[in-house]
Amino acid sequence: MRAKTAEDRALLEMIDPVAESLGLAVVRVRLMGGTLRRRLQIMAERVIDNDISVEECARLSRAVSEVFDAADPISGEYLLEVSSPGIDRPLTRLMDFDLFEGYEARLETDRMVEGRKRFKGILAGVEGDNVAIDLDGEEDTALIPFEWIADAKLVLTDELLKRGAALRAARGEPEDDGLPEGAAEEDEQTTPTSTKDKA
């Protein structure tokens, strides 16, 4: 799930070692848009604490740009955007479901599981290669094979907002970020997007 298409996977193979050299892990890579103006979105975080600063986003952006300038893996013009996964982040690796145990999430599978593809509930960690989730309205914990999951994301809840506030406090940022209530998704650290003209 870190990469969706074959093109995304090829780019991820190039980006992973660059991120690792900076002590970062790539959460997700997506190349979006048509052939005229595309956007390469890279979500990353520090390996040690699953956080990232604006400066680290900028550093990764510059490092990836250097590699891509030499390799030229994307034809045409594109925007490069490096950001944190955000508070209500996508869950793209098996370890993410362990890391965010106890938080609410939405999952979507690539096949029918007991008559449905969409699930919502509280993450209960992992068991082997399965994601454990306590589904809304059901007593038993469901086990969903990780390889069947097409998309997964945390749900923005009060508990998740408190976690985000704690991370901001740990970074020494003010508790009130000046955003209107309910706009916590904007807490995402993002580098200014830069245009890469490959024409």
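Where does helix H1 bend, and which proline follows within four residues? The views below are taken from a predicted model.

**View 1. Helix H1 and its bend.** Helix H1 covers residues 6-21, 16 residues in total. From its first C-alpha to its last, H1 reaches 24 Å, close to the 22 Å expected at 1.5 Å a residue. The bend lies at Ile-15 and is about 30 degrees. Pro-17 is the proline that follows within four residues. Just after H1 comes Gly-23, with a positive phi of about 75 degrees.

**View 2. The buried residues of H1.** Several residues of H1 are buried, among them Asp-8, Leu-11, Leu-12 and Ile-15. Asp-16, Val-18 and Ala-19 are buried too. An α-helix has 3.6 residues a turn, so residues three or four places apart point the same way.

**View 3. An open sheet of five strands.** The strand order is E7-E6-E5-E4-E8, and the pairing is antiparallel. Strands E7 (141-145) and E8 (149-154) stand at the edges. Each has a single partner strand, so one side of each is left without a neighbour in the sheet. Neighbouring strands of this sheet are turned by 45 degrees against each other on average, direction ignored.

**View 4. Strands E4 and E5 side by side.** Strand E4 spans residues 104-113, and strand E5 spans residues 116-127. The two run antiparallel and are joined by six bridges. Arg-106 stands opposite Lys-120 in E5. Strands of a sheet pair through backbone hydrogen bonds, either parallel or antiparallel.

Conventions. Residues are numbered from 1 along each chain as its sequence is written. This is a predicted model: local features need pLDDT of at least 70, side-chain atom pairs count only at pLDDT 80 or more; totals for chains, interfaces and linings use all residues. Side-chain values use heavy atoms; hydrogens and water are left out. Two strands pair if DSSP finds at least two bridges between them. Axes are lines fitted to C-alpha atoms, for helices over the stretch in contact, and angles run from 0 to 180 degrees between N-to-C directions. The expected span of a helix is 1.5 Å times one less than its number of residues. The bend at a residue is the angle between axes fitted to the seven residues ending there and the seven starting there. Buried means under 20% relative accessible area, exposed over 50%, partly exposed in between (1.4 Å probe, protein chains only).
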